[in-house]
Amino acid sequence: MDTLILGSGPAGLITGAALAARGHRVVSVDRDSGPAPDGSWPRRGVMQFEHAHGFRSQVGEVLSRQWPAGLQAWLAEGAEPITLTVPQAGEVTIGHRSRRSSFDRALRAQAEETAGLTLRTGHVDGLVVEAGRVTGALVDGRPVGADLVVDASGRSSRIDRVGDPELDGACGITYVDRTYRLRAGAEPGPLDNPLASDSQYDGYEVLVFLHEAGHFSVLFVRPTADGDLKDLRHRAAFEAACRAVPALAAWTDPERSVPTSPV
């Protein structure tokens, strides 16, 4: 079966690799050509690329079952399994510590080596529909036919689709985050659970996600309607806020960590 996947993010690549392993011919198309020769990867169109992620156990489980080579590539990129000892079950993996950028890089590199899966750079202009059935997509203005078309282009895509009013619209909260890396030999700050630290305050929430190799993210979550906290998007205001919250002050102490956010 000829399969065309729209979008080469994690969902598209995992789906493509799983189908290729079953003998299907898969082309995954994305306007992003991947990391540049110097290693930089702005990942335009994926606004959450540099934001904090918590990878629950289901991510590793899906990779283990459907694309073991993808899981091994992610681990080689530095992803750290989070394990707990559970009575009568032994050691259980409950998630992985990793940045989203590390996750994408690992899957992208492995996809390029996956037999039956072809990565193509191009802009998807829309779907090709014949007799009420999707039979392909317009890529850079030219039709590309397929027996199956999978839309893995993300919510911000402009590809034709039927919206779900229950999922669309504002959620009422927003957040701003920055990334840091622990200095050599520095111990992590306080964590109240193995995946992240979550503290509730009057009118806002703060979280810390520990990633791989000492990288971590600090988040402030606020009501969208609260304009007073909008200035947190500025580095100086964000750092001042971190100093004012004891748990965050411990994590972001310049003697313990250094900022790594691209902006």
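A helix here is a DSSP run marked H or I that is at least four residues long, and helices are numbered from the N terminus. Keep that in mind for helix α4, which covers residues 100–111 and holds both arginine 100 and aspartate 104. One thing to know before going further: this is a predicted model.

**Salt bridges**

- If you search the whole structure, you find seven salt bridges.
- One of them pairs arginine 25 with aspartate 2, and their closest N and O atoms sit 2.6 Å apart. Arginine 25 belongs to strand β2 (residues 25–30) and aspartate 2 to strand β1 (residues 2–6), so this pair ties together parts that are 23 residues apart in sequence.
- Another links arginine 43 to aspartate 30, with 3.9 Å between the closest N and O atoms. Here arginine 43 comes from the loop between β2 and β3 (55–56) while aspartate 30 is in strand β2, so the bridge ties together parts 13 residues apart in sequence.
- Then there's arginine 100 with aspartate 104, where the closest N and O atoms are 2.6 Å apart. These two are four residues apart in helix α4, which is about one turn of the helix.
- Some salt bridges share partners, and in that way Asp30, Asp32, Arg43, Arg100 and Asp104 are joined into one network.

**Buried or exposed?**

- Arginine 43 and aspartate 30 are both buried.
- Arginine 100 has a relative accessible area of 9%, so it counts as buried, given that the cut-off is under 20%.
- Aspartate 104 is buried too, with a relative accessible area of 3%.
- Arginine 25, on the other hand, is partly exposed, with a relative accessible area of 49%.

**Cysteines**

- How many disulfides does the model have? The count comes to zero.
- Cysteine 171 is exposed, because its relative accessible area of 63% is over the 50% cut-off.
- Cysteine 242 counts as buried, since its relative accessibility is 1% and the limit is under 20%.

**A closer look at aspartate 2**

- You'll find aspartate 2 in strand β1.
- Which residues is aspartate 2 in contact with, leaving aside its neighbours within four places in sequence? They are Arg25, Ala146, Asp147 and Leu148.
- The side chains of aspartate 2 and arginine 25 are joined by a polar contact of 2.6 Å, and this pair also forms a salt bridge.
- For a sense of distance, compare aspartate 2 with leucine 182: they are 180 residues apart in sequence and, C-alpha to C-alpha, 47 Å apart in space.

**The largest pocket**

- The largest pocket has a volume of about 1,200 Å³.
- Its lining is made of 36 residues, and those nearest the centre are Gly45, Ser153, Gly154, Arg155 and Ser156.
- Which elements give two or more residues to that lining? They are α1 (10–21), β2, α4, β7 (124–130) and β11 (173–182).
- Of these, α1 gives the most to the lining, with three residues.

Conventions:
Residues numbered from 1 in each chain as written. Predicted model: local features only at pLDDT ≥ 70, side-chain atom pairs only at ≥ 80, totals over all residues. Heavy atoms only, no water. Disulfide = S-S within 2.5 Å. Buried < 20%, exposed > 50% of the residue type's maximum accessible area, 1.4 Å probe, protein only. Salt bridge = Lys/Arg side-chain N within 4 Å of Asp/Glu carboxyl O. Contact = heavy atoms within 4.5 Å. Polar contact = N/O pair within 3.5 Å; in protein donor to acceptor, adjacent residues only side chain to side chain. 1 Å grid on protein atoms, 1.4 Å probe; cavity = no way out; pocket = protein on both sides within 12 Å on 5 of 7 lines; lining within 4 Å. Points joined across faces, edges and corners; volume = space filled by probe spheres on them.
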